[in-house]
Amino acid sequence: MNLIKPKFWGKKNNFISLLLFPLSFLIQILIKLIKSFYFKKTFKIPVICIGNIYVGGTGKTPLSLLIAKELLKLKKRPAIIRKYYKEHIDEYNLVKNDLDCLFLAKNRSTAIENAEKNGYQLAILDDGFQDFSIVKNLNILCFNSKQLIGNGMTMPSGPLRENLNAIKMTQIVLINGEKNSEFEAKLKKINSKISIFYSYYKLINSENFK
């Protein structure tokens, strides 16, 4: 899905965001109610969730691939789990062209079960932080330093799927881009035990690209 982000999502204390706030508040209450009714399923293999709370790309898929490769070095068999959407074919091909361990299904639980049946030892959820039906053993949230949390408000007032208190359910935060001590301090206030790391993209085949 191509998403055109409204400019007011990046501006703090703007009129449009404040106007939409009651709707955002009602949506978050509805999400909490839905969450409370979900049956959470536990699996035989550990589940690592790589997600975000900011709408759009924050580098989840490259991180999923990196973690899978590191686990392979440790002689483990990781499976990358994705929910199937027909419009995401390019992303699926990106994973398949790099590693042969992608499991797709209309719901993530089925994909994890298929990975278990095929002898995989760990499940890496490429997206799925907001999937309340799965018990995760490790949560990693991704942020981009250029946008972080925008105006800090939830949709439609802002760009967040859920508010920053989601950090309480997270063990690791990965920020792609420049170091931001102020943002780190904000996260630590919510969850003092959280581990924060930084990443960047590096072109490794520049000669071929030329």
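1. Two strands pair if DSSP finds at least two bridges between them. Helices (H or I, at least four residues) and strands (E, at least two) are DSSP runs, numbered from the N terminus. With that in hand, welcome to the structure: strand 6 and strand 7 run parallel and are joined by five bridges.

2. A word on what you are looking at. This is a predicted model, in which local features need pLDDT of at least 70 and side-chain atom pairs count only at pLDDT 80 or more, while totals for chains, interfaces and linings use all residues. Residues are numbered from 1 along each chain as its sequence is written, and side-chain values use heavy atoms, with hydrogens and water left out.

3. Strand 1 (residues 47-51) pairs with strand 5 in the parallel sense over four bridges, and Ile48 has Leu138 as its bridge partner in strand 5. Strand 5 also pairs with strand 6 in the parallel sense, over five bridges; there, Phe143 stands opposite Ile175 in strand 6.

4. How enclosed is strand 6? Four of its five residues are buried, so strand 6 is largely enclosed by the rest of the structure. Buried means under 20% relative accessible area, exposed over 50%, and partly exposed in between (1.4 Å probe, protein chains only).

5. Contact means heavy atoms within 4.5 Å.

6. On to the aromatic rings. Rings of Phe, Tyr and Trp (its six-membered ring) pair if their centres lie within 6.5 Å; planes under 30 degrees apart count as stacked, over 60 as edge-to-face and the rest as tilted. By this rule there are five aromatic pairs. One of them joins Tyr84 and Tyr92: the ring centres are 5.9 Å apart and the planes are at 25°, so the pair is stacked. Tyr84 is partly exposed at 38% relative accessibility, whereas Tyr92 is buried at 2%. Phe143 and Phe183 form an edge-to-face pair, with 5.2 Å centre to centre and 75° between the planes. This pair links distant parts of the chain, since Phe143 is in strand 5 and Phe183 in helix 5, 40 residues apart. Phe143 is buried, with a relative accessible area of 0%, and Phe183 is buried at 4%.

7. A charge meets a ring as well. The charged end of Arg77 sits over the ring of Tyr120, 4.1 Å from its centre. A charge counts as sitting over a ring if NZ of Lys or CZ of Arg is within 6 Å of the ring centre and within 35 degrees of the ring normal.

8. How many disulfides are there? A disulfide is a pair of cysteine sulfur atoms within 2.5 Å, and by this rule the count is zero. For Cys142, the closest cysteine sulfur is in Cys49, 9.3 Å away, which is too far for a bond. Cys49 is buried at 0% relative accessibility, and Cys142 is buried at 1%.

9. Ser64 is in helix 2 (residues 60-73). Is Ser64 buried or exposed? At 1% relative accessibility, Ser64 counts as buried. Not counting residues up to four places away in sequence, Ser64 touches Ile50, Ile80, Ile124 and Asp126.

10. Finally, two loop residues. Thr42 is in the loop between helix 1 (15-37) and strand 1, and counts as exposed at 59% relative accessibility. Val135 is in the loop between strand 4 (122-126) and strand 5, and is partly exposed, with a relative accessible area of 30%. Val135 and Ser109 are 26 residues apart along the chain, and their C-alpha atoms are separated by 10.0 Å.
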